[in-house]
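Here are some notes to read alongside the coordinates.

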Amino acid sequence: MLSLLRRLALPNSCSEVTSALVDDNSPAPEIAAGVQYAHPDAATLLLALGGAWTVRGKLPAVSDAIREIDAAPAVRRVTFDTRALGAWDTALLTFLLGVIRHAKGKQLTIDRDGLPQGMSGLIDLATAVPPVEGAAEKRSRRSLVTIFGEAAIDFAAGTGRLMAFIGEAAMSFGRLLTGRPARFRHSDLWLFIEQAGVDALPIVSLLSLLQGLTMAFLGAAQLQMFGAQIYVANLIGMSMAAEVGAVMTAIIMAGRTGAAYAAQIGTMQVNQEIDALRTMGLEPMDFLVLPRMLALILMMPLLYLYANLLGMFGGGVIAVLVLGITPEQFVNQLFAAVPLSVFVTGLCKSAVFGLLVALSGCMQGVNCGRSAAAVGDATTSAVVMAIVAIIVGDGIFGVLAPPFPVGQ
Amino acid sequence: MAQSARGEPIITVEQLTMAFGSFVVQKDLNFTVKRGDIFVIMGGSGCGKSTLLRHLIGLQTPAAGKVYYGRESLWDAKPADRLSILRRTGVLYQSGALFTSMTLAENVSLPLQTYTTLPPGQIREIVSTKLALVGLAGYEDFFPSAISGGMMKRAGLARAMALDPEILYFDEPSAGLDPITSKRLDDLILQLRDDLGATIVMVTHELPSIFAIADNSVFLDNVKRTATAVGDPKEMVRTTNDEMVREFLTREGTLNEVALPAAATSSAASASSPSSSAGAS
Ligand SMILES: Nc1ncnc2c1ncn2[C@@H]1O[C@H](COP(=O)(O)OP(=O)(O)O)[C@@H](O)[C@H]1O
Ligand SMILES: [Mg+2]
């Protein structure tokens with residue numbers, strides 16, 4: 001707006017405005033903005049504007065002027081007197097536009113002669129393009145029924161999008177498996193594998209080691225009461241292999257990699273890069289989603305094994321230092337306690353979790369809106385959706401492939 | 001490239017209506033782009049030019065009406081057929097839309113890697129040629145974040161031209177470019193048409209380039225929400241009865257007559273378009 005005013009640079013009238021706007025150090029205007037209403041004759045309303053009408057001062061309300069107009073039904077004409085007017089800027093324009101719109105609505109004549117030179121031009125500029133119709137309709141007030149209805153429709157649409165996305169992802173996967181060239185850059189795949197694999201090792205190491213230490217430490221106190229210290233190996237082995245290893249790495253990866261996927265793809269959406277891919281004939285599903293999905297599906301089971309190793313090591317440390325078990329005893333007990341099938345289930349489970357994390361991240365990214373806030377929302381939703389999917393998926397695995405025989 | 005007869009219809013738009021939900025952007029558009037034409041889509045800012053482009057390049061489904069490429073209807077074609085139609089086109093987006101995670105060379109080579117069997121060395125050479133054509137020789141290994149807005153546009157153009165497409169779409173190619181570069185871009189566009197036989201469809205506001213290079217055009221009116229003039233802009237400016245079209249093509253605002261001093265009109269007109277501040281920088 002400032003540059004607009006400056007560029008308009010009307011010969012004499014606006015010079016005071018420009019200086020008021022440009023010179024930040026100019027002393028604050030002495031006289032505050034004010035309006036006086038007068039009726040020179042019964043059919044005329046005179047608005048005498050005085051003082052400094054700038055956005056930095058205090059301003060009279062447009063509603064007062066509107067009330068004044070409505071209070072005198074005999075008025076047919078609105079005129080202005082600006083002899084006492086000091087500096088002015090768009091604050092005055094805003095006030096006048098409010099008055100003029102209202103007066104026009106009541107079919108009153110507006111006499112602009114009294115206005116400062118240049119103001120008339122600004123009024124024309126502001127009213128030259130009528131407000132667009134149809135675009136603003138969404139902003140109207142909505143009833144409770146409408147809100148619930150729209151929420152239901154949104155939910156249905158969201159579910160539809162989810163299904164469509166899963167379907168497309170499956171087709172993309174199918175193209176890969178049937179050997180038809182699913183198009184993505186192999187260098188991308190390696191990059192994602194590195195990001196989801198090696199780069200995740202430090203955090204996975206730290207958390208699984210701590211988890212192993214803590215579980216063993218807490219468990220040790222309980223087991224000691226029964227003199228069953230050696231079973232700390234069973235405790236750590238089974239809980240890491242069957243549950244904690246897979247779920248914890250999946251949640252770490254949801255926060256780390258799933259969120260990154262949503263942000264990467266979302267930003268590409270904002271920058272029209274996805275459009276560019278489409279018009280290039282590259283399916284975003286193949287080019288962006290598939291390599292990310294593959295990377296996580298491949299890396300998650302490896303991370304699961306690695307997390308198990310470190311968790312069990314942590315448990316072993318406690319067993320040796322606190323419970324006085326020899327490392328040999330611990331390892332032997334561990335092998336006896338955890339059947340191989342538990343690891344197999346765990347590996348499958350973490351591959352599925354990898355898929356879920358990648359799908360959530362990519363789906364939120366692909367469906368992202370075109371703004372910075374939308375990218376933020378996409379990232380948040382990706383993490384929440386992935387974690388919910390992981391917990392639900394874990395439950396389903398627990399029922400279908402329980403690590404212990406259930407019942408009896 | 002298929003060197004068919006110049007002048008035959010290559011894109012035909014029939015009764016096209018474009019809408020976002022219940023908000024109709026433009027309705028009942030009808031025009032034909034002929035092979036070898038430089039076709040300009042004109043209109044005030046926000047009238048739906050970019051949206052029209054998105055309908056032509058298969059990114060947005062029409063609310064009603066048809067888009068034909070030759071005799072094939074783009075939106076009635078099977079997805080695979082639609083892809084093969086669109087493979088004959090290249091698009092330069094308003095913002096360039098370069099892949100920000102790839103260097104300029106990688107950006108330009110992506111279509112080549114995807115659709116040709118050329119060895120990497122040759123692809124690299126072709127990429128260098130394309131970048132040189134748009135004045136970016138030597139910038140192969142720069143990332144988009146390290147070059148200016150105008151350079152991004154030119155790199156986007158190099159990518160759009162990567163496969164020497166039959167039809168090139170440009171969305172405001174010269175917005176944000178200095179006058180010399182934008183004159184060079186005009187020359188380049190003419191050359192693409194004359195030497196490579198490409199058909200060019202472009203959105204632009206630049207009157208000099210409209211009059212210098214356009215063969216045909218459509219004017220979208222953002223109040224009436226439909227096309228109010230179709231034809232060669234050089235003819236259009238003389239023959240049109242539509243006030244808005246005449247104003248657009250002669251740069252006369254109504255503001256001029258009513259209030260503002262002549263010197264202020266052009267800046268006021270450009271100030272009313274929100275993108276002009278970015279363009280000026
Ligand atoms: N994604 C969208 N959702 C809703 N309205 C949109 C969207 N994109 C553009 N519009 C509206 O469509 C109209 C045309 O936009 P656009 O085609 O970008 O204009 P321009 O002619 O400047 O390129 C504008 O009024 C804009 O508000
Ligand atoms: Mg646009």
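1. A word on terms before the end of a helix comes up: helices here are DSSP runs of H or I with at least four residues, strands are runs of E with at least two, and both are numbered from the N terminus. With that in hand, look just after helix 9 of chain B, where R251(B) takes a positive phi of about 65°. Please keep in mind throughout that this is a predicted model.

2. Helix 9 of chain B is worth a look at its other end too. The helix spans residues 243-250, and its buried residues are V245(B), E247(B), F248(B) and L249(B). At its start, a side-chain oxygen of D242(B) comes to within 3.0 Å of the backbone nitrogen of M244(B).

3. Now for the metal. Which residues coordinate the magnesium ion, ligand 2? The donors are OG of S50(B) and OE1 of Q94(B), at 2.0 to 2.7 Å. S50(B) belongs to helix 1 (residues 49-56) of chain B, while Q94(B) sits in the loop between strand 6 (89-92) and helix 3 (104-115), so the pair ties together parts that are 44 residues apart in sequence. S50(B) counts as partly exposed, at 26% relative accessibility. Q94(B) is likewise partly exposed, with a relative accessible area of 31%.

4. S50(B) turns up again at ligand 1, where one of its polar side-chain atoms lies 2.7 Å from a ligand oxygen. Taken alone, ligand 1 exposes 570 Å², and the protein buries 57% of that.

5. Is H55(B) buried or exposed? H55(B) is buried, with a relative accessible area of 0%.

6. For chain B as annotated, the unreviewed UniProt entry gives "domain: ABC transporter" for residues 11-247. Over that range the chain is 38% helix and 26% strand, and the end C-alpha atoms are 28 Å apart.

7. Q107(A) has a positive phi of about 60° although it is not a glycine. Q107(A) lies in the loop between helix 4 (90-105) and strand 5 (109-110) of chain A, and at 65% relative accessibility it counts as exposed. In chain B, R225(B) has a phi near 60°, again a positive value in a residue other than glycine. R225(B) is placed in the loop between strand 9 (216-221) and strand 10 (226-231) of chain B. R225(B) is buried, with a relative accessible area of 18%.

8. Turning to the overall layout of chain A, the chain is divided into domain 1 (34-125) and domain 2 (182-400). How many Å separate the centres of these two domains? Taken over C-alpha atoms, the separation is 67 Å.

9. The unreviewed UniProt entry places "transmembrane region" at residues 230-254, 302-325, 337-359 and 380-401 of chain A. Residues 230-254 are 92% helix and 0% strand, with the end C-alpha atoms 35 Å apart. Residues 337-359 are 91% helix and 0% strand, with the end C-alpha atoms 35 Å apart.

10. A last stop is Y231(A), found in the loop between helix 8 (201-225) and helix 9 (232-270) of chain A. Y231(A) is partly exposed, with a relative accessible area of 45%. From C-alpha to C-alpha, Y231(A) and A241(A) are 15 Å apart in space, and 10 residues apart in sequence.

Methods:
Residues are numbered from 1 along each chain as its sequence is written. Chains are lettered from A and ligands numbered from 1 in the order in which they are written. This is a predicted model: local features need pLDDT of at least 70, side-chain atom pairs count only at pLDDT 80 or more; totals for chains, interfaces and linings use all residues. Side-chain values use heavy atoms; hydrogens and water are left out. Domain bounds come from an automatic or database domain assignment. UniProt positions are given in the numbering used here, feature names are shortened, and annotations may be inferred rather than shown by experiment. Donors are N, O and S atoms within 2.8 Å of the metal (3.2 Å for Na, K and Ca); water is not among the atoms, so sites may look incomplete. Buried means under 20% relative accessible area, exposed over 50%, partly exposed in between (1.4 Å probe, protein chains only). A polar contact is a pair of N or O atoms within 3.5 Å; within protein, one must be able to donate a hydrogen and the other to accept it, and residues adjacent in sequence count only if both atoms are side-chain atoms. Accessible areas come from the Shrake-Rupley method with a 1.4 Å probe; for residues, only the protein chains shown count as cover.
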